[in-house]
Amino acid sequence: AHIEIKGNKAVIIEVNSETDFVAKNDSFMDFVKACANTIIEQNPADVEALMGCKMGEGTVDEALKALILVIKENIKVRRFVRYEGVCSAYVHGGGTHGILVNFETTNGIEAKDEFVAYGKDIAMQVAAANPGYVDEASVPAEVVAKEKEIMLAQMAQDPKTANKPEAVKVKMIEGKIKKFFKENCLVDQEFVKDGDLSVAQYTAKVAKDLGGEIKIVKF
């Protein structure tokens, strides 16, 4: 994974090689970086469109084929995401994991050092706690329904809960869903650097200290 941020545009790209050895190769890294910059500048819709983009003397596809000939190993541009706006990044394990987070801010607080530190904290939180969603509102209804279905099936099989009244089961499911959100929604998670705060509380605290507003949009 590689991340490039230029002004208000940011790209995270995943390029796969067969061995770690190649992933550390300078010409491989140069190709990955050039791809990310091409995405920033030309905004292709997907990997297929990226392959047709102009890069250097030819296209991305031609550059990839030339690199494969030199390195003699299969290389694949797997996926990328391009955001516009305020972004923070974190690359872990020499590029095995890359996290890009997109924010909305007010009063120009994104220029402050404290915000930069906060943004990196949030990107590291995503790397460490692997949330599936930003908040409860972004969890699709069918995902919640499926979770409830699994929980009900588990209760039916457990002698301790199988014979409890429906109203009690519904109450228990509500509690379990709250726990599901707390584990899977970024803003509801415990902040990894301070378990007394949720990510939402940490965000609110930083925003208040800096005299603006911060909203985590996507990652």
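Predicted model: local features only at pLDDT ≥ 70, side-chain atom pairs only at ≥ 80, totals over all residues.

Colleague: At what angle do the axes of α2 and helix α4 cross?

Modeller: The axes of α2 and α4 (residues 60-71) cross at roughly 170° and come within 11 Å. The two helices, α2 and α4, are therefore roughly antiparallel to each other.

Colleague: Which residues of α2 and α4 meet?

Modeller: From α2 come S27, F28, F31, C35 and T38, and they meet V60, A63, L64, L67 and I71 of α4. By class, the residues of this contact of α2 with α4 divide into 8 nonpolar, 2 polar and no charged.

Colleague: Across which strands does α2 lie?

Modeller: Helix α2 lies across β1, β2 and β5, and runs at about 145° to β2. These strands form an open sheet of 3 strands in the order β1-β2-β5, and the pairing is antiparallel. At the edges are β1 (2-6) and β5, each of which pairs on one side only. On average, neighbouring strands in this sheet are turned by 15° against each other, direction ignored.

Colleague: How many bridges join β2 to β5?

Modeller: There are 9 bridges joining β2 to β5, and the two strands run antiparallel.

Colleague: In what order do the strands β6, β7 and β10 form a sheet?

Modeller: The order is β6-β7-β10, in an open sheet of 3 strands with antiparallel pairing. Strands β6 (86-92) and β10 (214-218) each have a single partner strand, so one side of each is left without a neighbour in the sheet. Here neighbouring strands are turned by 30° against each other on average, direction ignored. Strand β7 (residues 97-105) is joined to β6 by 7 bridges, and the two run antiparallel. Within this pairing, V91 stands opposite G98 in β7.

Colleague: Which helix packs on this sheet, touching β6, β7 and β10?

Modeller: Helix α5 (residues 113-129) does so, and its direction makes about 130° with that of β7.

Colleague: How do the axes of α5 and helix α9 cross?

Modeller: The axes of α5 and α9 (residues 199-210) cross at roughly 170° and come within 11 Å. That crossing makes α5 roughly antiparallel to α9. On the α5 side the contact has E114, F115, Y118, D121, I122 and Q125, which meet V199, Y202, T203, V206 and L210 in α9. The residues of the contact of α5 with α9 divide into 7 nonpolar, 2 polar and 2 charged.

Colleague: How may one see where empty space is left?

Modeller: One rolls a probe the size of a water molecule over the atoms, which shows where empty space is left. In this model the largest pocket has a volume of about 940 Å³. Its lining has 33 residues, of which A1, G95, T96, H97 and G98 are the closest to the centre of the pocket.

Colleague: Which elements give two or more residues to the lining of the largest pocket?

Modeller: They are β2 (9-17), α1 (20-23), α2 (26-42), β5 (75-84), β7 and α5. Strand β2 gives the most to this lining, with 6 residues. The lining residues of the largest pocket divide into 17 nonpolar, 11 polar and 5 charged.

Terms used:
Residues numbered from 1 in each chain as written. Heavy atoms only, no water. Pairing = 2+ DSSP bridges. Helix = DSSP H or I, 4+ residues; strand = E, 2+ residues; numbered from the N terminus. Axes fitted to C-alpha atoms, helices over the stretch in contact; angles between N-to-C directions. Contact = heavy atoms within 4.5 Å. Parallel < 35°, antiparallel > 145°, perpendicular 65-115°, else oblique. Nonpolar A, V, L, I, M, F, W, Y, C, P; charged D, E, K, R; others polar. 1 Å grid on protein atoms, 1.4 Å probe; cavity = no way out; pocket = protein on both sides within 12 Å on 5 of 7 lines; lining within 4 Å. Points joined across faces, edges and corners; volume = space filled by probe spheres on them.
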